[in-house]
Amino acid sequence: MAALSSAIASAAKPFSLPQTRCAGVAALHFPKPHFKKKEFNFAEVSLSLRSLPRLRVSSNDAHFNSRSEESQQPQPSFAEFITSERVKVVSMLALALALCNADRVVMSVVIVPLSLANGWSRAFAGIVQSSFLWGYLASPIVGGMLVDNYGGKVVMAWGVALWSLATFLTPWAAQTSLLALLVVRAMLGAAEGVALPSMNNMVARWFPKTERSRAVGISMAGFQLGCAIGLTLSPILMSQGGIFSPFVIFGLSGFLWVLVWLSATSSTPDRSPQISKYELEYILNRRQTSFPVETSKSKKVKVVPPFRRLLSKLPTWSLIVANAMHSWGFFIVLSWMPIYFSSVYRVDLRHAAWFSAVPWAVMAIMNYLAGLWSDMMIQSGISVTLTRKIMQTIGFVGPGLCLIGLATAKSPSVGSAWLTLAFGLKSFSHSGFLVNLQEIAPQYSGVLHGISNTAGTLAAIIGTVGAGFFVELVGSFPGFLLLTSFLYFLAALFYCLFSTGERVNFDDPAVV
């Protein structure tokens, strides 16, 4: 019996042998050697966790599965969208841009009786109108830098206040001297240079990527309605209160806007006391998935942007060329269409302003529709790059073809129809290059907008002054429209070749 117990004990010993003697055997015959005892070391676990990639958790959505929740968060309905706080902000931006353009366009109507009273030629009238652009030439760059550092709300408020003051002082300046008139018009241009960079900055802060085309469309709709309002109301106000009454009315309206803007809006969504919790979470979550946007809590952009690196990239030049062509066509129509309809089709000033105003009203409507279509394309899976190129092609090739029709039109009704179609299609470019500014360089969108706007201003000066000299030398305004059409085609080709909807690295000197 003792021998049997000894044999059983001997057979059981391999299962309890020290691991130092049979580690290899245990590993070979028993697949669970890792159950050996080991003291749990929290320091090692902590160290290993630190080496893992970090997840950035928003203070507004402190959940590890926030990314999946974002993708499942439904798009707001149309009713929720138009009643949201962000639409209130963009509506105020649209109203500011409407005043901006109305203050510009008044002179294109007043210049007709003013030229007759002072005996100015068309070439000299073009110089007077271009004085606005002298101040506008460099201010978008300075304005863009201010916007990137101080935000769109403050800069826009100062801009509207200053250009409204310049508008209000225009009657006094015109009655004082030609020099005073030119200085005040240049002051108007300098102040208005901050408008579009401020708009872009506020849209980037308040809207996610899938809504930015619509937001820019609403803002630019106000911009175009400003032309329609200025062109239609100016002759009526002039007939009732004198040729300078539009300047007084629009100037006072700007001061009123500043008071409402400062009291009713916030620079960022998280600072708004009126915004709902749902809308705030929706904006911040959706905005995180697109690209970083400078906010009050984020790192500020350098005071001096990397201009050399900004100008070393072809996507930047695609925006510069697009903005230059856009401004050329815009200011040609803004400055010369009342005179064109008055001289070519022999219609009186009030009807000339009406024929020139209708296209702007149509463009305002098309701005939103084009933005809505652009957002829908991106939501359906079409790349941002392709979407921007499609929008920009329609926005340039379309007006180019329509200007050919305008140059050959035989009646003011047909001419107005071609001009209306041209500007309806031109509005698509606002969902092209104008939104593209936010996408390739969100941290430098203000100064990049300023650079491209300055190029656009140079083109506008050349076009506005050049149109007057071209008509005097060649004797054909339609010929200048054909030249503009050709330039539209070239600009569309350049943008399609070199633009992108992806973010471009402007901060790393090693990246080419």
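Here are legends for a few close-up views of this predicted model.

Residues are numbered from 1 along each chain as its sequence is written. Local features need pLDDT of at least 70 and side-chain atom pairs pLDDT 80 or more, while totals for chains, interfaces and linings use all residues.

View 1. Trp257 and Trp261 form an aromatic pair (ring centres within 6.5 Å, using the six-membered ring of Trp). Trp257 and Trp261 are both buried, meaning under 20% relative accessible area with a 1.4 Å probe, protein chains only.

**View 2. Trp328 and Phe480 link distant parts of the chain.** This stacked pair sits 5.8 Å centre to centre, with 15° between the planes. Trp328 lies in helix 16 (residues 314–344) and Phe480 in helix 22 (residues 477–498), 152 residues apart. Look for Phe470 too: with Trp328 and Phe480 it makes one aromatic cluster.

**View 3. A charge sits over a ring.** The charged end of Arg104 is found over the ring of Tyr136, 5.0 Å from the ring's centre. The rule asks for NZ of Lys or CZ of Arg within 6 Å of the ring centre and within 35 degrees of the ring normal.

Note on methods. Heavy atoms only, no water. Buried < 20%, exposed > 50% of the residue type's maximum accessible area, 1.4 Å probe, protein only. Phe/Tyr/Trp six-rings, centres within 6.5 Å; stacked < 30°, edge-to-face > 60°. Helix = DSSP H or I, 4+ residues; strand = E, 2+ residues; numbered from the N terminus.
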